[in-house]
Amino acid sequence: MPPTEASTSTPNPAQVPHSLLLQQRQLMVSTAAEFLGLSGDSFYRKKLVWKSRFAATFGLCLESAVDVWTIVAKKVLADGLRKVHFLWCLVYLKEYPTERSAAGRFKTSESNWRDKVHQMLRVFSEMDEIHFEDRFENWHCKAPSCYVDGIDVLIQEVCLFFKGLYNHKFKHTGYQYQVASAIATSKFVHISGSVPCGLFNDLAMVKRSLLPRLGVGEKVAADEGYVGVPGKIMTRLMGNTEAIIKHNCNLSILQSRHETMNGKLKDFGILFQMFRGNREEHYLVFQAVAQITQVKMR
């Protein structure tokens with residue numbers, strides 16, 4: 001009997017036999033072929049074209065898409081959704097098309113596109129791939145235990161302008177998020193935010209979200225925007241002694257690595273284009289992208 005979407009689903013890709021993952025990949029190829037303008041039979045003959053076009057369209061490689069599907073398949077099918085809706089939502093996050101253009105492209109109604117994408121967003125956002133305790137995976141130092149930095153995203157202006165939404169970097173309205181990453185592994189360990197950029201600076205946000213979660217003697221590393229809590233946050237120091245130079249060099253390495261990981265979030269166009277939807281639902285979008293990116297970085 002050929003594999004079906006339901007029969008091969010499992011919540012943990014690491015527990016799936018290789019043969020079943022290959023079957024799931026073939027199912028993914030068959031479903032995605034129409035969207036990519038390719039034939040499913042051409043996958044093995046045109047692997048480079050397939051992989052390039054798949055990543056450009058859906059925001060992650062074929063193997064990562066299969067991993068994400070394996071995690072969410074049971075929930076997707078239980079909600080009456082299908083793999084095609086899974087791919088619709090990935091296109092939505094990657095390209096952020098208008099409802100009219102997406103409905104025409106995928107030969108559906110605008111209301112059906114909107115409904116199915118919103119349902120899939122909730123499924124993605126409910127994935128449980130980001131764990132705060134992962135900051136100590138392959139790492140036993142408490143100072144620092146992770147690196148934190150902010151991400152700003154553009155949103156549409158409100159009709160009655162609210163200065164608390166103003167972002168001085170974009171010179172436009174925006175929301176702010178904070179993301180903490182592990183030091184020894186490519187994993188996000190903390191996400192918070194969806195707050196107006198003008199109401200809280202980086203330090204105020206981290207005091208309310210991340211610092212209360214730290215253990216005794218634990219510190220996080222951050223850039224100069226977080227100066228002010230030396231007992232909990234490690235930032236660059238002034239001076240030119242050997243110890244200070246080494247300290248600052250190590251923080252620069254951590255910062256560069258964290259910014260690379262943060263950049264992977266904005267592989268999805270919905271986070272660097274201006275958000276046109278309901279602002280109260282933006283956290284749902286950010287959470288979905290973060291969960292998907294976590295799987296993508298494995």
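Helix H4 is largely enclosed by the rest of the structure, because 11 of its 13 residues are buried (buried means under 20% relative accessible area, exposed over 50%, and partly exposed in between, with a 1.4 Å probe and protein chains only). You're looking at a predicted model, where local features need pLDDT of at least 70, side-chain atom pairs count only at pLDDT 80 or more, and totals for chains, interfaces and linings use all residues. Residues are numbered from 1 along each chain as its sequence is written, and side-chain values use heavy atoms, leaving out hydrogens and water.

**The whole chain**

- The chain has nine helices and six strands; these are DSSP runs numbered from the N terminus, with helices being H or I over at least four residues and strands being E over at least two.
- Its radius of gyration is 21 Å, close to the 19 Å that the globule rule gives for 298 residues, so the chain is as compact as a globular protein of that length.
- That radius is taken over C-alpha atoms, and the globule rule is 2.2 Å times the number of residues to the power 0.38.
- Along the principal axes, the C-alpha atoms fill a box of roughly 65 × 50 × 35 Å.
- Take the contacts between residues at least 6 apart in sequence, and 64% of them join residues at least 24 apart (contact means heavy atoms within 4.5 Å).

**Helix H4 up close**

- H4 covers residues 83-95 and reaches 18 Å from its first C-alpha to its last, close to the 18 Å expected at 1.5 Å a residue; the expected span is 1.5 Å times one less than the number of residues.
- Its buried residues include Phe 86, Leu 87, Trp 88 and Cys 89.
- What do the buried residues of H4 pack against? They pack against helices H1 (18-36), H2 (47-58), H3 (62-78), H5 (99-105), H6 (110-125) and H9 (282-296).

**Helix H6**

- H6 has 16 residues and reaches 22 Å from its first C-alpha to its last, close to the 22 Å expected at 1.5 Å a residue.
- Among its buried residues are Trp 113, Met 120 and Phe 124, and the cover over the buried residues of H6 includes H3, H4, H5 and H9.

- Leu 60 sits in the loop between H2 and H3 and is buried, with a relative accessible area of 1%.
- Not counting residues up to four places away in sequence, Leu 60 touches Phe 54, Ala 55, Ala 65, Val 68, Leu 90, Ile 292 and Lys 296.
- Leu 60 and Phe 124 are 64 residues apart in sequence and 14 Å apart in space, C-alpha to C-alpha.
- Thr 293 belongs to helix H9 and is buried at 0% relative accessible area.
- Leaving aside neighbours within four places in sequence, Thr 293 is in contact with Phe 188, Lys 264, Leu 265 and Phe 268.

**Backbone details**

- Ala 143 and Pro 144 are joined by a cis peptide bond, with omega about 5°, and Pro 144 lies in the loop between H6 and strand S1 (146-154).
- Asn 138 is also found in the loop between H6 and S1, has a positive phi near 60°, and is exposed at 60% relative accessible area.
- Ser 194, in strand S4 (residues 188-196), has a positive phi of about 65° although it is not a glycine, and it counts as buried at 19% relative accessibility.
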